[in-house]
Amino acid sequence: MLKSGVKLVSIICVLAVLLSGCSRLADVRLRLVVHAIGVDIDEEGVYSVSYQVFSSNPPEGGGPVDANKGNVMTYMTYGRTLYEAQKSLELQTGKEVFTGDVELIVLGLGMVGRDVSQVLSYFWSDTDIYMGVNAVFSSGLASDIIGVQLEQGTATTELLNQMIISSVANGTTIPARLIEISNCFEEPGASIVMPVLTAKEADNSKGKEDSDVYDMATGVFENMLIVNKIPTVYVTRDETKGISILTGGKKKYSLTFVADGQRISAGADLSRVSRRIRIDDSGNPVLSVDIRGELTVLDNPTLVDNDIINEAAREDIIRLCREAYDKTVSSYGADVLEIGKLLRKHCNKYYETVKDDISQAIRKTSCEVSVSLKIYENE
Amino acid sequence: MEEKNIKISSGQMYVLLILARIMHTMIFHAKEFKIGTPVMLALVFTTIIESVMSIPLILLLKDGGCDPVSIIAGNGRLAVFVRFLYSAYFLFISAGTLMYFAQFMKAEFNKTATPMAVIIVLTLAAAYCAYLGIEGTARAGTIVLWAFMVLFVVMAAVSEGEFERLNLLPVTLKDTDKILDYAVRDLSSSWWLPMLASMGAYLKNGVGKTVGGYLISKFLILETLMLLVTLVLWNFVGVLGYPMLALGAYAKTVFIQRFDAINMFVWCLNCVIVNGTYLFISAQSFGEGRRKIGVAASSAVAAIGAVVIFLMSLGLNDGVAFVIKLSGIVLLGVIVPLAAVIVKKKRANQE
């Protein structure tokens, strides 16, 4: 019995040594738990990195941290590399930086025209950071987004993410998570759309001159088109909606359009988006997108006829698709519609001949869209 | 010290074989190697080839355990030499497992103890397994296999990624090189054949179900992993390098996101069990020597041997390692059992 016990204890001890990762316990006050990271760059290539971190200072008199109060802090460091900036943060605070809780990565507008893969690869190579983290652009400095003060205490990053999720639900943005960006950047002619977060000071202080909390008009109001890993041009919410429809990325959209001179609000459930690609007689690719779904009329005050609404909705969807195609494929040869992947899968011989200059092939790709909707009146 | 090697069932043998294969998959680094449909097709071919290669073993062990070396050469010099080959081969395999595990730990869990410390502790634990005997190791292996299966299913089930069917590219003639490359790589990791041959003497019953179960399980586990990698993770595997580890890196539950400790725990347990089995094979291949120096001493010698070979093979060329592995599989996993089948049949005919 004693012998078995000794054996058991020995085994446990051996395993305990193996689990040495768990032995590095550190007081939470000695750890800097980062929630969001913002990266700005100046003309000389120096990074200004802002970190939104959890402030674990307990309330006066002790007790647990109150989640409803402002428990986030923002630090700003500088460096020639992101690693240098992070080391600088550790030196500045005397704490060990923990990036395992990062929920958002924000790139400043200074990144426009620069290869963002050099910055983002730093984050996806960090095995602590979850690969589903959203990466976004800021309409100004990334530090403006990281330092934004919202009323709900510690949940600032969660609220920012919630804003992205809401925009995704409306179809006005497409989430760009680290894993998707990493995968996209490995493809020839890598192009992707990233949400742009805006934080503008709103004029609704209601006379509270000394208030620390100032309301910001914060949200995703536009998107950034990344072409060949370089942020190139803004994409409107309608154009983004068109991209989302053309790629079948989402099923439900809210539409507002004019039918018979009346403004109609409807929900579209585009459950079947079938995409085919072929090479036409002139040797250029043609992308055919067949969209089928259901339309639920939500607001039709003057009782416009269903057939007219159906036609107007079809035209609106085709308009969104055309705008998306014109802005991305036609103007910039940006492969946000996954034309390269479709060619590689379905027209492999053609793909092999053009893969070295895929942007040209994408630019030459024409797009046919057919929309078929069944209409349901909201009772 | 009394010998603790009790015979094991075909189910327990299956557990040890599949754990060894899983260990190899766990520490397989994709590097520039791209997982996709050509590789999935290659696995179909290698499974067929492995099935054919296993026929001598199935014929030899169909009615229960026997020792192919004894059948061929009794206890003569040839037997000592062949046993030495088995012993050296599995010390080499053990050293390779330790080396790749050390690289894995260094790359992914760099905040843990130094790789050498981890290797020494793992080897000590493995030597203890070898000392306890194959039956105890197989019993512990059953628990580890369950733990692994739960982890694998949980990681796959909670993956946040969406299936991207465009990643399932058609296989063309251009992929022939890739298919051949993977097929040869996969076949060079089929040391389950010499493993089964060397442990034949410890089998209680027939081996047909063990081989069938192993080949089907290996095929399903690897194809599932490759399908998930292709559909969900795609190029991202190149970032982490380890396909099975990458599977957990994109899980939507916080529990699995913080999977490092859980994975490390199961990885380590598996490493101990698998290396314990390799050391056991090496130690028992000492034959008479093992009985003279004792079970504990022979296990310790095997463990030291594995670490020494690990240190010696640090700068070993991949090509040389590949030739050693493949030669061992053919010689010790196919030719020796085949020779034993022929000798056994001749003796039966003479009687």
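A contact here means heavy atoms within 4.5 Å. I kept that cut-off beside me while reading this predicted model.

**Entry 1: chain A overall**

I began with contacts in chain A between residues at least 6 apart in sequence. Of these, 70% join residues at least 24 apart. Next I looked up the secondary structure. Chain A has eleven helices and 13 strands. I then checked burial. Of the 379 residues in chain A, 47% are buried.

**Entry 2: Asp299(A)**

I picked Asp299(A) and asked where it sits. It belongs to strand β12 of chain A, which covers residues 285–299.

I set aside the neighbours within four places in sequence and listed what Asp299(A) touches. The partners are Arg263(A), Ile264(A) and Ser265(A). I also took a C-alpha to C-alpha distance from Asp299(A) to Gly267(A). The two are 9.8 Å apart in space and 32 residues apart in sequence.

**Entry 3: α7 against α8 in chain A**

Two packed helices are described by the angle between their axes and the distance between the axes. I looked up both values for helix α7 (residues 237–247) and helix α8 (residues 306–332) of chain A. The axes come within 7 Å and cross at roughly 100°. Angles of 65 to 115 degrees count as roughly perpendicular, and α7(A) and α8(A) are therefore roughly perpendicular to each other.

Which residues meet there? From α7(A) I noted Asp238(A), Glu239(A), Lys241(A), Gly242(A), Ile243(A), Ile245(A) and Leu246(A). From α8(A) the list includes Ile317(A), Arg319(A), Leu320(A), Cys321(A) and Glu323(A). Ala324(A), Lys327(A) and Thr328(A) in α8(A) take part too. I sorted the residues of this contact by type. Seven are nonpolar, two polar and six charged.

**Entry 4: salt bridges**

Side chains of opposite charge can pair when their charged atoms come close. I counted salt bridges over all chains and got 21.

I opened the pair Glu368(A) and Arg278(A) first. Their side chains meet at 3.4 Å, N to O. Glu368(A) lies in strand β13 (residues 366–377) and Arg278(A) in strand β11 (residues 262–279), so the bridge ties together parts of chain A that are 90 residues apart in sequence. Glu368(A) is partly exposed at 38% relative accessibility. Arg278(A) is partly exposed at 39%.

Then I looked at Asp290(A) with Arg292(A). The closest N and O atoms of this salt bridge are 2.9 Å apart. Arg292(A) has a relative accessible area of 36% and is partly exposed.

The next pair was Glu164(B) with Lys341(A). The closest N and O atoms are 3.9 Å apart, and the cut-off for a salt bridge is 4 Å. What does this pair join? Glu164(B) lies in the loop between α7 (134–157) and α8 (176–187) of chain B, and Lys341(A) in helix α9 (residues 339–346) of chain A, so the pair joins two chains. Glu164(B) is partly exposed, with a relative accessible area of 21%. Lys341(A) is buried, at 15%.

Last, I followed shared partners. Salt bridges link Asp238(A), Asp316(A), Arg319(A) and Glu323(A) into one network.

Definitions and conventions:
Residues are numbered from 1 along each chain as its sequence is written. Chains are lettered from A and ligands numbered from 1 in the order in which they are written. This is a predicted model: local features need pLDDT of at least 70, side-chain atom pairs count only at pLDDT 80 or more; totals for chains, interfaces and linings use all residues. Side-chain values use heavy atoms; hydrogens and water are left out. Helices (H or I, at least four residues) and strands (E, at least two) are DSSP runs, numbered from the N terminus. Buried means under 20% relative accessible area, exposed over 50%, partly exposed in between (1.4 Å probe, protein chains only). Axes are lines fitted to C-alpha atoms, for helices over the stretch in contact, and angles run from 0 to 180 degrees between N-to-C directions. Angles under 35 degrees count as roughly parallel, over 145 as roughly antiparallel, 65 to 115 as roughly perpendicular and the rest as oblique. Ala, Val, Leu, Ile, Met, Phe, Trp, Tyr, Cys and Pro count as nonpolar, Asp, Glu, Lys and Arg as charged, and the others, Gly among them, as polar.
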